[in-house]
Amino acid sequence: MSARVPFLKTNLFFILVFSQCVLFEPKLNKVPDAYVREEVMNAEQKNATKILTEKIIKLNNEVTNQRKANALTSQAIKISQAKVNKHAAERDLKRAKESYFTLKEDSASSKRYLEESQMFELERAKEETRYKTWVQKEKEDKAYLEMKEAALGEMIAELELVRSEIAVKFQESQGKTPADPEYVKKEIYETQYAEKKSDARRRLSDWERIKTEAPSLPKVNLEDSFDDSK
């Protein structure tokens, strides 16, 4: 009974971790929980699983929050684009009225509509700059999210590698050998970790490149996109 308690305790902990983490990589190989037994872990493995698990939970929360932020940015782009179109339509309407009153030789009305068309053009130009800034932000934030997701994949793969080492130790303590069909093959998890690590480095480079290649835009207050008076 004493051996079963730490087993349940350990695996419930891992179940809790992975229930919080959306494994966006469905092909990720996982070590069967039944072989990850606390009684065969050394101090280094216990510490590694604890630290990696805590980091995974923290990083998964960051990924979740970034996905929400990206969804908000996507909606903000729609709002900004609509405002650009609205200001352009208002400008065109005022220009048409200006032309009408110019033909009518009503200089006072013509002047008023000219000034109003210029005002709407100015607002359109300002919002267009905000729109371009939103679009660039979305591009950078998408790359940032992909980088974070790749880092999460790398961290989970590293944890699975540690778990595979524990599983092998447990299976060997039970007299299992590599010839047994259910024997955990550590090399699978080594390869998986190397691939995830490589992908994480590539995603980091992509994010840095996108930031470096970002066009130079005037400084704007993006919150003005939500101000109906602007």
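In the predicted model, helix α4, which runs over residues 186-212 and has 27 residues, reaches 39 Å from its first C-alpha to its last, close to the 39 Å expected at 1.5 Å a residue. The buried residues of α4 are Tyr-189, Gln-192, Tyr-193, Lys-196, Ala-200, Trp-207 and Ile-210, and the element against which these buried residues pack is α3, spanning residues 107-173.

The secondary structure of the chain as a whole comes to 4 helices and 0 strands, so that, because helices are numbered from the N terminus, the pattern read along the sequence is α-α-α-α. Of the 230 residues in the chain, 37% are buried. Among contacts between residues at least 6 apart in sequence, those joining residues at least 24 apart make up 86%. The accessible surface of the chain comes to about 13,800 Å², and carbon and sulfur atoms account for 54% of this surface.

Confidence in the prediction averages a pLDDT of 90 over the chain, with 89% of the residues scoring at least 70. Over residues 1-10, by contrast, pLDDT stays under 50, and for this segment the model has 10 contacts beyond four places in sequence.

The largest nonpolar core of the chain has 25 residues, and those with the most contacts inside this core are Val-31, Ile-56, Leu-152, Ile-166 and Val-184. Two or more residues are given to this core by each of α2 (43-103), α3 and α4, and α3 gives the most, with 12 residues. In soluble globular proteins, nonpolar side chains tend to be buried together.

Helix α2 has 61 residues and reaches 90 Å between its first and last C-alpha atoms, close to the 90 Å expected at 1.5 Å a residue. For α3, the 67 residues should span 99 Å at 1.5 Å a residue, and the end C-alpha atoms of α3 are 98 Å apart, which agrees with that expectation.

At the start of α2, a side-chain oxygen of Asn-42 reaches to within 3.1 Å of the backbone nitrogen of Glu-44. After α2 comes Glu-105, with a positive phi near 60°, and this residue lies in the loop between α2 and α3. Most residues other than glycine have a negative phi. Glu-105 has its positive phi although it is not a glycine, and, because its relative accessibility is 71%, Glu-105 counts as exposed. Just after α3, a positive phi of about 85° is taken by Gly-175.

Two lysine residues of α2 were examined individually. Lys-94, which is found in helix α2, has a relative accessible area of 13% and is therefore buried, the limit being under 20%. The side chain of Lys-94 is joined to that of Glu-116 by a polar contact of 3.0 Å. When neighbours within four places in sequence are left aside, the residues in contact with Lys-94 are Tyr-113, Glu-116, Ser-117 and Phe-120.

Apart from neighbours within four places in sequence, Lys-83 is in contact with Glu-127, Asp-224, Ser-225, Asp-227 and Lys-230. The C-alpha atom of Lys-83 is separated by 9.3 Å from that of Phe-226, although these residues are 143 residues apart along the chain.

A further pair of residues was considered around Leu-114, which lies in helix α3. Leu-114 and Arg-95 are 19 residues apart in sequence, and their C-alpha atoms are 6.4 Å apart in space.

Conventions:
Residues numbered from 1 in each chain as written. Predicted model: local features only at pLDDT ≥ 70, side-chain atom pairs only at ≥ 80, totals over all residues. Heavy atoms only, no water. Expected span 1.5 Å × (residues − 1). Buried < 20%, exposed > 50% of the residue type's maximum accessible area, 1.4 Å probe, protein only. Contact = heavy atoms within 4.5 Å. Areas by Shrake-Rupley, 256 points an atom, 1.4 Å probe, with all protein chains shown as cover. Core = buried A, V, L, I, M, F, W, Y, C linked by side-chain atoms within 4.5 Å. Polar contact = N/O pair within 3.5 Å; in protein donor to acceptor, adjacent residues only side chain to side chain. pLDDT = per-residue confidence, 0-100.
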